[in-house]
Amino acid sequence: MADFLRTLLVLTVLGSALTGLLLVVRPLIKSKTVFYYLWLLVLLRLCLPVGFMIPLPAQAPEEPARTEVQQPVTQPAQPEVHPAQPAQPQTPSGQQGGTAETRPQPEGPATEPAFDWRGLLTSPGLWLTLWGLGAAFCLGRQVRGYRRFARLVRGTGEPPSTEAIALLARLDREGRVGLTVSSCVSTPMLLGVVRPTIILPQGVEPDRLGDILAHELTHARRHDLLYKWFAAAVTSLHWFNPLMLVVRRQLNRACELSCDEAVTRELDATGRRHYGETLLAMAAGQSPRGLPAVTLCEEKEHLKERLTAVMKPVKKGPAAAALTLVLVLVLTGCAAIFGAQPTPSAGTESDPVVTPDPDALLTDPVLYDLSNGLIAALPADLTEDLLVETPEQGEIFLSVYDKRSYEAGDGGGIEGMGWLFSIVRYDQVAFEQSLGLDNSGRSFFARGDGWYYAYLFPTDVRFYSEEADQTEALKIWEELNRRLPEEALPDFTARNGLEAFTSSDYFTADGTLWDSQHYYINYHTPDWSESVTMLLSQPAKQGAEGIWCVEGYFNNQLGGSATVIPRDTGMTIADYYAQLQEEADHGQHTDLLTPEGAAMDWLSGRYDGVTAGQLTRLEGEPAWDLWYRKLSGIIYEPLTVDTRVYADGQPTQVEAVEPDPEDSITLWNRLWVTAASPDPLSGPAVVYDAGETGKVIFLEQDGLVGVEHEGETSWYRGAYDYEKSPYQMMAEFCQVWKGEEETKAADPVQAVEQIFQYDSDVELYGFKDMGSSPWIEFIGPAELPQLQEWLATCTWEEVAEHPLDDGSRPDPPAGCWEVWLIGEGQLQLSWAFPYVVYYPQGRVYKTQIWHCTQGYEELYAQLAGLWAEGQAADLPSYFHDRVGKLDPAQAIVSQFGDARVLAELAQVERAVESMDWTPGGSGQAQGEGIMVYGADAHGRFTFYPGNIVYYYIDDAWNFWYQGSGETDLYNMLVELWENASV
């Protein structure tokens, strides 16, 4: 079965390649008939598993140098740790003659083996069954449709006119083709392989009968119906190949063109004109699509081409005939190819070994045979400090640990310590899905044979030691983290014949997924609490008939872009959008045919009540991800920085500036569009020059930014009218670097005033778990006096640095370990130590730190309480988003372990909205609660007597609330639960 499926895939690949080649040479083949029958080569290539193999040059196998491969001993696996925690390592055995380290295994009852899903999904029997069902469905659908249509024609058939019968008798002297008239057809056609019959629509003009019958008789004499049935059968075998639709359409098109050529070959100009008029007259009709029948006017969209070929036939001289003969021979030779194989080397029967790049291979490696047939190598001088895991199952097939940290952590009961990195691979679909995810702790480094290889690494510290003097252990830890990625990954790529690859290689030079026209469209909620800019592109077809999609979006408030990938489709994004495009071609998804419609479609899955009035198309050609693609690499590593003034395109008053590397240049939170080149350059500018990497010109003129690379300069401007132009920001930095200006806050009271300087809302971040994202609330300028009053009650002294968290603090107020205020700058407070850290923004700055010597705990409790009050007040919106807006409006209600479906939530939602909510505590809950959650169980609300509510998202994010109002939510839900369906 596996061999059959493999052969089928080879045939579909070869047939697809031959299809592409035939379409490429089509303009060179002047004979429509020759081109028509060349499609027979494609069909034969798709169904006949025969042909000759192209010999490849022999390559003598070369056994790579190996040291003894260390084999891991069996140990129990450990659970995953964010972001990607591999299985617990196994201590490798020593070199030959060594003894493997082992541990006693705990005794316990034997467990039932888990169902082998991997074995099922890789079973040839499953895929053969799916293929067979698909082929039977595709072919059976055509046979059934043909038979139904033929019965319909027979049932409505009427005798033709005497004139038509006489004309058919003159043209078909042998009488092999029948003739009938049917009211269910609107264009002439030929049906029947064994007993062909011409079907005429009612009302055919007598002077058109000659052209119609000549055309359909030509189809009958050439057995075009049999040809089409053969094509239907072959393409049904390859139903999974979207190119089969192209094959069928192109073959039908070539069939009609060649038939026209045969009919009009002996006609003069008048006859050709009359034939063309007949085509036009019959074009009003519509033939049944998808049936193996031949008609006079099968595809209206190709009518112009047919009329041109009829009225202006191409003259075929000796040169054209010779070229056609050569192309026929070439295509026939290509069709006979069935693959390629290397020529066996003399004296060996082993498969050829890919010769690795000697510069990338380790000189003294220890090799590891991996479960997927690949080989990993680690530097031999480091292996005594390592533990290596090579799992037999799962996505991760190599994990490497620092032996000292792992053993110290394991001895102390701390799992996952010492993890250095793992290697995992993904297929095309899984890789594309990763593009739309947070890839912290994952970096792609190679690809090959349809797989994408990623390097997983911890995003937190996994070094652990209980030694009094950790200097030596830390030195080894740092060396392992430095050398292993630099040496092991290039070796893995070269040794296994892979191609070096990063995620950015998957995108176009413009940083986009699709090489198409792009637009920016802005959306904001009515209260401006959220604002995004979407990048719209055409992923399948360009022009008015092509669908649009949201390829990415930019957070206008926080900055930063994200790629949008259709989730959980089970197919590549190209195939997914090709399928949508095909459906749109047949009248579906009409809303996707405009950028605004596609934006509305995407937004409707994220927000409620989106209207067209909330969308604005921005002017300018998008320059997506410009900061990361072009600007950051130059700005962060400049060779020189200078200020200058351009006059008539020439730099004057050039003055070098020495930048401070600790200063943060915040241009990553801006969106860009392309701009016209200023001609000439004029006015003040700041220039960053990074040599061969490139040059960035911040021009005061129109706020333009130019990026020069390899002698060419591209110009950009902000997509929005930001508070300050890029030049103004860079000029302020230069003033400070020259010692001309430095703006510092006198204390945290003044710092918080600077954060609110534009009288706009400020984000209030609260962190309940420092390993998770913050919970964000908003406070307005009206809160500024209260914040300043709280800060003023404390005593402050400015310091150069703050200590690290020693973990000795008790639980924080409101469960909030850190509080950040983010506006025109950031003010950060931590429960771990009494310090405030200030990062100004929108001006040139130095980071400032103040130590609070008095009043910090009260201050922190006030800020954490403000944050907790804000998120408690939003409980009605949380309930609506997680449960209330479900469609249909229903949720699962669970009490005492008995889950029931609650179909009507409006009463509960109104009651929640009518109450005032404040932070609560678990100690207030009495008795058993009743739980409400959606079908996906994401976000659960547990209601207790006394209007106490526990909102659980995950172990990091969970809150207690106290409601005040006349409604008793607990009793309301108990009553609804008792009446709900089980």
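This is a predicted model: local features need pLDDT of at least 70, side-chain atom pairs count only at pLDDT 80 or more; totals for chains, interfaces and linings use all residues.
**Entry 1: Arg-272**

I began with Arg-272 and found it in helix α9 (residues 269-282). Helices (H or I, at least four residues) and strands (E, at least two) are DSSP runs, numbered from the N terminus. Residues are numbered from 1 along each chain as its sequence is written, and side-chain values use heavy atoms, with hydrogens and water left out.

Is Arg-272 buried or exposed? Its relative accessible area is 12%, so I put Arg-272 down as buried (under 20% relative accessible area is buried, over 50% exposed, in between partly exposed; 1.4 Å probe, protein chains only). Leaving aside neighbours within four places in sequence, I listed its contacts as Thr-264, Arg-265, Leu-267, Ala-309, Val-310, Met-311 and Pro-313 (contact means heavy atoms within 4.5 Å). Met-311 is 39 residues away along the chain, yet its C-alpha atom is 6.1 Å from that of Arg-272.

**Entry 2: Glu-216**

Next I looked up Glu-216, which belongs to helix α6 (residues 209-221). Glu-216 has a relative accessible area of 0%, so it counts as buried. From Glu-216 to Val-263 I noted 47 residues in sequence and 9.6 Å in space, C-alpha to C-alpha.

**Entry 3: a six-stranded sheet**

I then traced an open sheet of six strands, and its order reads β10-β11-β12-β14-β13-β15, with antiparallel pairing. β10 (386-389) and β15 (499-500) are the edge strands: each has a single partner strand, so one side of each has no neighbour in the sheet. Two strands pair if DSSP finds at least two bridges between them. Within this sheet I followed β11 (residues 396-402) against β12 (residues 419-426), an antiparallel pair with five bridges. In that pair, Ser-399 faces Ser-422 of β12.

**Entry 4: cysteines**

How many disulfides does a search of the whole structure find? I got zero (a disulfide is a pair of cysteine sulfur atoms within 2.5 Å). I checked two cysteines while I was there. Cys-184 counts as partly exposed because its relative accessibility is 26%, while Cys-549 counts as buried because its value is 5%.

**Entry 5: helix α17 and its cover**

In helix α17 (residues 626-635) I marked Leu-626, Trp-627, Leu-631, Ser-632, Ile-634 and Ile-635 as buried. Viewed down the helix axis, these buried residues fall within an arc of 165°, so they line one face of α17 (the arc is that of the directions from the helix axis to the C-beta atoms). The cover over them includes strands β23 (672-675), β24 (683-689), β25 (695-699), β26 (705-709) and β27 (712-718).

From that cover I picked Gly-718, which is in β27. Gly-718 is buried because its relative accessible area is 19%. Beyond four places in sequence, its contacts are Leu-671, Trp-672 and Val-673.

**Entry 6: Gln-754**

Gln-754 turned up in helix α19 (residues 748-755). With 9% relative accessibility, Gln-754 counts as buried. What does its side chain make a polar contact with? The partner is the side chain of Tyr-838, at 2.5 Å. A polar contact is a pair of N or O atoms within 3.5 Å; within protein, one must be able to donate a hydrogen and the other to accept it, and residues adjacent in sequence count only if both atoms are side-chain atoms.

**Entry 7: strand β34**

Strand β34 (residues 848-854) is mostly covered, and I counted five of its seven residues as buried. β30 (residues 795-799) runs antiparallel to β34 and joins it by five bridges. β33 (residues 833-840) also pairs with β34 in the antiparallel sense, over four bridges. Ile-849 of β34 is the bridge partner of Val-799, and Val-837 stands opposite Ile-849 as well.

**Entry 8: the cores**

Last, I looked for nonpolar cores, meaning sets of buried Ala, Val, Leu, Ile, Met, Phe, Trp, Tyr and Cys residues joined through side-chain atoms within 4.5 Å. The largest has 65 residues, and those with the most contacts inside it are Leu-787, Leu-821, Leu-827, Phe-941, Phe-943 and Tyr-961. Helix α21 (residues 856-873) gives the largest share of this core, nine residues. A second, separate core has 40 residues, including Phe-444, Ala-454, Phe-501 and Trp-602.

I finished on Tyr-961: outside four places in sequence, the residues it touches include Gln-871, Ala-872, Leu-875, Tyr-878, Trp-917 and Tyr-951.
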